[in-house]
Amino acid sequence: MYLAQRIVPRYEALSQAGRNVVSEVIRVDQAGEVAANWIYRGQMAVLGKDQVLGPIIQEMWDQEKKHLRVMDKLQIEYQARPTLLMEVAKITGFGLGAVTALMGKEAAMACTEAVETAIGEHYEHQLQQLETISPNNEGISQLKDLIKELRDDELEHLGTAVAENSQRAPAHALMSAVIELGCNVAIQLCKRI
Ligand SMILES: [Fe+2]
Ligand SMILES: [Fe+2]
């Protein structure tokens, strides 16, 4: 689990373009995992005492904590510049988690469903992007394996949210569209800033 714990940076073997891709990938993913942690923190602030959802949210949050630890490690090992939007990511993440949880349990799950849909697609896109640089680079293959693990965890969270009735949330389609758009905008911003 979490191959990055023994990841070997192979920057020296990468072209400048390759390095840029890796550092962008790490910057966005670190910010994303920070935001995810704060979304779950916001959800727990409201629903933490719920007998059913409390432990479910806590379990997903615990996984996000692991994701973040790995991304923090990678960011240091690869010396990738962290985003300047880290504080924004925390506040919007917490706000999104808390506000949707205040709207109700189903809305909280709809938030998780939408976020994980966007993030699952995002990780998928990154895998394709990494495919285009240095296929024989050991560091890159490890990074890809790690991203596959993260993607699978996020898709599991998506499944959990659906199983917990996310799709019964009021205005589900609208909420999903808005949150997914927000995630995609955040991804684009963190690539650059
Ligand atoms: Fe995550
Ligand atoms: Fe997640």
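Modeller: Donors are N, O and S atoms within 2.8 Å of the metal (3.2 Å for Na, K and Ca), and water is not among the atoms, so sites may look incomplete. This is a predicted model, in which local features need pLDDT of at least 70, side-chain atom pairs count only at pLDDT 80 or more, and totals for chains, interfaces and linings use all residues. Residues are numbered from 1 along each chain as its sequence is written, chains are lettered from A and ligands numbered from 1 in the order in which they are written, and side-chain values use heavy atoms, with hydrogens and water left out.

Biologist: What is the geometry of the site of the iron ion (ligand 2)?

Modeller: The iron ion (ligand 2) is coordinated by Glu64 (OE), Glu116 (OE), Glu154 (OE) and His157 (ND1), at 1.7 to 2.4 Å. Four donors count as tetrahedral if all angles lie between 85 and 135 degrees; four count as square planar and six as octahedral if opposite donors are over 155 degrees apart and all others between 65 and 115; anything else is irregular. The angles among the 4 donor atoms of the iron ion (ligand 2) are 86 to 139°, and its site is irregular.

Biologist: What spacing do the donors of the iron ion (ligand 1) follow along the chain?

Modeller: The protein donors of this ion are Glu33 (OE), Glu33 (OE), Glu64 (OE), His67 (ND1) and Glu154 (OE), at 2.0 to 2.7 Å from it. Along the chain, the donors of the iron ion (ligand 1) follow the spacing E-x30-E-x2-H-x86-E.

Biologist: How far apart do the iron ion (ligand 1) and the iron ion (ligand 2) lie?

Modeller: Glutamate 64 lies in helix H2 (residues 53–77), as does histidine 67, 3 residues apart and about one turn of the helix; helices (H or I, at least four residues) and strands (E, at least two) are DSSP runs, numbered from the N terminus. Glutamate 64 bridges the two ions, which lie apart by 3.9 Å.

Biologist: Is histidine 157 buried or exposed?

Modeller: Buried means under 20% relative accessible area, exposed over 50%, and partly exposed in between (1.4 Å probe, protein chains only). Glutamate 154 and histidine 157 are 3 residues apart in helix H5, separated by about one helical turn. Glutamate 154 has 2% relative accessibility and counts as buried. With a relative accessible area of 1%, histidine 157 is buried.

Biologist: What is the relative accessibility of histidine 67?

Modeller: Glutamate 64 counts as buried, at 0% relative accessibility. Histidine 67 counts as buried too, and its relative accessibility is 0%.

Biologist: How many residues apart in sequence are the parts that glutamate 124 and arginine 151 tie together?

Modeller: A salt bridge is a side-chain nitrogen of Lys or Arg within 4 Å of a carboxyl oxygen of Asp or Glu. Glutamate 124 forms a salt bridge with arginine 151, with the closest N and O atoms 2.8 Å apart. Glutamate 124 lies in helix H4 (residues 105–131) and arginine 151 in helix H5, so the separation in sequence of the parts tied together by the pair is 27 residues.

Biologist: What is the relative accessible area of arginine 151?

Modeller: Glutamate 124 is partly exposed, with a relative accessible area of 31%. Arginine 151 is buried, and its relative accessible area is 15%.

Biologist: What is the relative accessible area of glutamate 77?

Modeller: The side chains of lysine 73 and glutamate 77 meet in a salt bridge (3.3 Å, N to O), and both residues lie in helix H2, 4 residues apart. Lysine 73 counts as partly exposed at 34% relative accessibility. Glutamate 77 is partly exposed as well, with a relative accessible area of 29%.

Biologist: Where is asparagine 165?

Modeller: Asparagine 165 is not a glycine, yet has a positive phi of about 75°. Asparagine 165 is partly exposed, with a relative accessible area of 26%. Its place is in the loop between helix H5 (138–163) and helix H6 (172–192).
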